[in-house]
Amino acid sequence: MVSMKKRVFSGVQPSGNLHIGNYLGALKNWVQIQSDYESIWGIVDLHAVTVHQDPAELQAKIIETAALFLAVGLDPKQSSIVAQSSVPEHAELAWMLTCVTPVGWLERMTQYKAKAQAQETVGDGLLQYPVLMAADILLYQAAIVPVGDDQAQHLELTRDIAQRFNSLYGETFVMPATRLPAVGARVMGLDDPTTKMSKSATGTGHAIGLLDPPDQIRKRIMRATTDSLPAVDFNALGGGVENLLSIFQAFSGWTNEKVREHFSGMRYGDLKKQVAEMVVTSLEPLQARYREIQAEPGYVDRVLNEGAQHVSPIAQSTIRMVKERMGLYTPR
Ligand code: ATP
Ligand code: MG
């Protein structure tokens, strides 16, 4: 059936334990909009290998990530859930886009600079990452891409690449719009409120995993870095406290006014207790569903299979058009 809805695409790398930043910045919003668009959600494993991954662990993480997509409420009847590497056109289009992308554009990317710094030798894939991401989006002619704030720069680059291709070869790609959540677009590390929470960061007090046990969640939040003030002062919010407040707000759905009124003057210890309880109770149902999903043999693989089958014709039709536009060989 040909859908008349606009298409939406986004993805998560199976590069570690998914955390509340991934949930609040991305997954939660995907669930909210999945029925308004023709939705495609990727477990972007080709992105994960831009830094070294243990093969056995990566395989397990792909399934875990897909199971989490389902556990947060993505519905395979409304959404296609796809492992990126099972649709080879992602990599194919990435090559074609690489050939229209100036290296200077890629060297300017802040994620590249940050991730390259942490590597002994920098693989070419790390530099190419945003081109592959552009390919993921443009392959499906996605009109909307819901992501966290850290991906806004890559989305701008995606539009630049699309524009350049369109101007060189004629109108080919839909221009994708960035969609950021109002609250929770950039959850910061609990150990260091100046760096964003990341799967690939190593500090033990850094992140809250979606599958972390309640006691660990409480402990991490109670130990979160704040500042030298004793209590919440909205006229002098430190980064750590601001981060805790926005985590609470994103999970609770409270308005700014309500948050202000409730937490003004509250001692940090009490603030942390309330944030911890909010996170624990919000994650409980998700964790229960995750266990159910993982207990059903073959279910996740079936969902991934169906997802790939559903999106493959879209991917193939984009590739056919791109080949024609570029003058590459297309069988007659
Ligand atoms: P990695 O360290 O491997 O890059 P990551 O935590 O950055 O992992 P990604 O898989 O790169 O996660 O990103 C998946 C989605 O989650 C993207 O939409 C991204 O913008 C969003 N996201 C990642 N980190 C945060 C965060 N700290 N706050 C809000 N959104 C985030
Ligand atoms: Mg990332």
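**A covered strand and its surroundings**

Author: Strand E1, in this predicted model, is mostly covered, with five of its six residues buried. E1 spans residues 7–12 and pairs with strand E2 in the parallel sense, over six bridges. Two of the facing positions may be named. Arg7 stands opposite Glu38 in E2, and the bridge partner of Phe9 in E2 is Ile40.

Ligand 1 is surrounded by 23 residues, the closest of which are Ser15, Lys115, Asp150, Lys199 and Ser200. Several backbone atoms of the protein meet its polar atoms. A polar backbone atom of Gln13 is 2.9 Å from an oxygen atom of ligand 1. Val187 places a backbone N or O atom 2.7 Å from a nitrogen atom of the ligand, and a polar backbone atom of Met197 is 2.9 Å from a nitrogen atom of the ligand. Taken alone, ligand 1 exposes 590 Å², of which the protein buries 98%.

Leaving out residues up to four places away in sequence, Ile20 touches Val187, Met197, Ile208, Leu210, Ile247, Phe251, Val279 and Leu283. Ile20 is also, with Leu271 and Val279, among the residues with the most contacts inside the largest nonpolar core, which has 62 residues. Helix H12, residues 268–295, supplies the largest share of this core, namely 11 residues. Apart from it lies another core, of 42 residues, including Tyr112, Leu132, Ala142 and Ile314.

Thr101 lies in the loop between helix H4 (89–98) and helix H5 (103–107). Thr101 counts as buried because its relative accessibility is 10%, and the cut-off for buried is under 20%. Its side chain reaches the backbone oxygen of Leu97 at 2.7 Å. Beyond its neighbours within four places in sequence, Thr101 is in contact with Leu106, Val131 and Ile161.

The other loop residue is Gln141, located between helix H7 (124–139) and strand E4 (144–146). Most residues other than glycine have a negative phi. Gln141 has a positive phi of about 55 degrees, although it is not a glycine. With a relative accessible area of 15%, Gln141 is likewise classed as buried.

Arg218 belongs to helix H9, residues 214–222. Its contacts, leaving aside neighbours within four places in sequence, are with Ala276, Glu277 and Val280. Between Arg218 and Met109 there are 35 Å in space, C-alpha to C-alpha, and the two are 109 residues apart in sequence.

Notes. Residues are numbered from 1 along each chain as its sequence is written. Chains are lettered from A and ligands numbered from 1 in the order in which they are written. This is a predicted model: local features need pLDDT of at least 70, side-chain atom pairs count only at pLDDT 80 or more; totals for chains, interfaces and linings use all residues. Side-chain values use heavy atoms; hydrogens and water are left out. A nonpolar core is a set of buried Ala, Val, Leu, Ile, Met, Phe, Trp, Tyr and Cys residues joined through side-chain atoms within 4.5 Å. Buried means under 20% relative accessible area, exposed over 50%, partly exposed in between (1.4 Å probe, protein chains only). Helices (H or I, at least four residues) and strands (E, at least two) are DSSP runs, numbered from the N terminus. Contact means heavy atoms within 4.5 Å. A residue is near a molecule or strand if one of its heavy atoms lies within 4 Å of it. A polar contact is a pair of N or O atoms within 3.5 Å; within protein, one must be able to donate a hydrogen and the other to accept it, and residues adjacent in sequence count only if both atoms are side-chain atoms. Accessible areas come from the Shrake-Rupley method with a 1.4 Å probe; for residues, only the protein chains shown count as cover. Two strands pair if DSSP finds at least two bridges between them.
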